[in-house]
Amino acid sequence: MPHWSVYTGRDEPHDGIDDLPAPPPWRAFDGGPALPPPHDGDDATAVSPDRVHRAKSYVAGEESVRLVNAALCLRRPLLVTGPPGTGKSSLAYAVARELRLGPVLRWNITSRSSLADGLYQYDPLSRLYAAREGQQGPGGVEDHLRLGPLGTALLPYERPRALLVDEIDKSDLDLPNDLLNVLEEGQYEIPELVRAARHSGDGTAEVLADGTDTPVSVRRGRVRCRAFPFVVLTSNGEREFPPAFLRRCVRLKLRRPDRDQLTHIVRAHLDPPGGDADRLISRFLERAAGGELATDQLLNALYLTGVAGLDAESRDDLAEQLMPYLSAAADGDGF
């Protein structure tokens with residue numbers, strides 16, 4: 001593999017990110033002073049156990065490994081498209097776990113999401129109430145402001161943070177281009193802190209970052225990254241993106257797994273997968289060509305049908321309730 005292939009897709013966390021080559025001259029950032037990683041544990045990928053499990057059990061294909069490394073080396077966002085249930089969001093957790101990038105910062109996109117939502121949240125009403133009660137002192141703006149997932153990812157960390165921007169195709173028309181400008185420059189301003197800096201000594205404010213109660217320093221309201229974050233943008237393909245946005249992303253299209261890959265995925269999640277696994281996987285693949293079949297539905301069915309104490313009829317009933325498409329073309333042999 002090329003010397004810049006720090007991500008291997010294997011279940012073994014390591015510090016290979018420190019061996020990542022210097023960025024291209026046009027993608028070098030100099031924010032500082034450098035902040036240490038928020039955590040340095042093998043499973044410091046998320047705050048919930050289910051996401052840790054997703055990171056451990058993710059099965060990366062060769063193309064995924066190759067393009068993840070390209071995005072890391074080029075310091076570019078990775079745009080991951082594909083049908084639901086193909087592991088688009090799990091990829092971010094798997095990379096963060098292997099390369100020890102700390103907890104994944106997650107931004108779930110809706111039709112109402114704006115760039116400001118991802119950068120920071122400021123509550124002017126709470127500041128007004130504090131001022132009325134005589135609690136507002138000099139430089140108190142930061143007490144009512146918290147960085148969002150995107151704003152936190154662009155802090156000057158020693159190592160890149162992992163940022164998952166989930167289902168960006170659900171956003172309004174302007175967000176991809178707005179997001180592009182920030183990721184292209186690797187920096188942003190917080191106007192409230194810029195104004196407050198005029199009336200303070202060194203202009204440094206202590207603000208809370210996303211997912212933590214530990215404050216970080218922001219000087220004169222400006223944030224610039226040092227290690228460009230590993231940004232995963234997921235899309236179900238429900239819309240087209242502007243050409244300028246696509247040009248600045250490394251693009252990965254995930255496809256439905258074949259039988260070998262699906263068996264590997266099942267065994268990674270369920271060991272042992274149960275006696276009916278082969279038969280249920282076969283039926284799943286038979287129906288996969290005709291509809292939107294999600295891998296997690298197969299895992300749900302395999303888990304329940306593998307529970308001890310269920311007879312064959314009960315297993316058949318459960319499988320058809322969880323995945324009714326399996327019985328859409330009834331052939332008399334259960335599922």
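This briefing walks through a predicted protein model, from its overall make-up to a few local details.

The model is predicted, so local features need pLDDT of at least 70, side-chain atom pairs count only at pLDDT 80 or more, and totals for chains, interfaces and linings use all residues. Residues are numbered from 1 along each chain as its sequence is written, and side-chain values use heavy atoms, with hydrogens and water left out. The protein has 13 helices and 11 strands; helices (H or I, at least four residues) and strands (E, at least two) are DSSP runs, numbered from the N terminus.

**Confidence and overall make-up**

- The mean pLDDT is 83, and 81% of the residues reach 70 or more; pLDDT is the predictor's confidence in each residue, from 0 to 100.
- Over residues 328-335, pLDDT stays under 50. For this stretch the model has 16 contacts beyond four places in sequence, a contact being heavy atoms within 4.5 Å.
- Where pLDDT is low, the predicted coordinates should not be read in detail.
- Of the 335 residues, 48% count as buried. Buried means under 20% relative accessible area, exposed means over 50%, and partly exposed lies in between (1.4 Å probe, protein chains only).
- Among contacts with a separation of 6 or more, 79% come from residues 24 or more positions apart.

**The largest pocket**

- The volume of the largest pocket is about 1000 Å³. Here a volume is the space filled by probe spheres set on grid points, which are joined across faces, edges and corners.
- The search uses a 1 Å grid over the protein atoms alone, and a pocket is an open set of points with protein on both sides within 12 Å along at least five of seven lines.
- The lining is made of 37 residues, where a lining residue has an atom within 4 Å of a point. Gly85, Thr86, Gly87, Ser90 and Thr295 lie nearest the centre of the pocket.
- Two or more lining residues come from each of α1 (49-57), α2 (62-74), α3 (88-98), β11 (250-253), α10 and α12 (295-305).
- α12 gives the most to this lining, with 5 residues.

**Helices α1 and α10**

- In α1, the residues Val52, Ala55 and Ser57 are buried, and the buried residues of this helix pack against α3 and α10.
- Helix α10 spans residues 259-269, and Leu262, Thr263, Ile265 and Val266 are buried in it. They sit on the same side of α10 because they cover an arc of only 160 degrees around the axis; the arc is that of the directions from the helix axis to the C-beta atoms.
- At the start of α10, a side-chain oxygen of Asp258 comes to within 3.3 Å of the backbone nitrogen of Asp260.

- Helix α7 (residues 175-185) has Leu175, Pro176, Leu179, Leu180, Val182 and Leu183 as its buried residues.
- The cover over these buried residues includes β2 (105-108), α4 (115-119), α6 (149-153), β6 (187-189), β10 (230-235) and α9 (243-247).
- Gly186 follows α7 and has a positive phi, near 70 degrees.

- Ser64 lies in helix α2 and counts as buried, at 4% relative accessibility. Leaving aside residues up to four places away in sequence, Ser64 touches Tyr58, Leu252 and Leu254.
- Pro229 is in the loop between β9 and β10, and its 3% relative accessibility makes it count as buried.
- With residues up to four places away in sequence again set aside, Pro229 touches Ala153, Leu154, Pro160 and Arg161. Pro229 and Ala162 are 67 residues apart in sequence, yet 5.8 Å apart in space, C-alpha to C-alpha.

**Backbone points to look at**

- As background, most residues other than glycine have a negative phi, and most peptide bonds are trans.
- Gly32 and Pro33 are joined by a cis peptide bond, with omega about 0 degrees; Pro33 is in the segment before α1.
- Arg75 has a positive phi, near 55 degrees. This arginine, Arg75, is found in the loop between α2 and β1 (78-81) and counts as buried at 12% relative accessibility.
- Arg220 has a positive phi, near 55 degrees, and is placed in the loop between β8 (215-219) and β9 (222-224). At 33% relative accessibility, Arg220 counts as partly exposed.

Conventions:
Polar contact = N/O pair within 3.5 Å; in protein donor to acceptor, adjacent residues only side chain to side chain. 1 Å grid on protein atoms, 1.4 Å probe; cavity = no way out; pocket = protein on both sides within 12 Å on 5 of 7 lines; lining within 4 Å.
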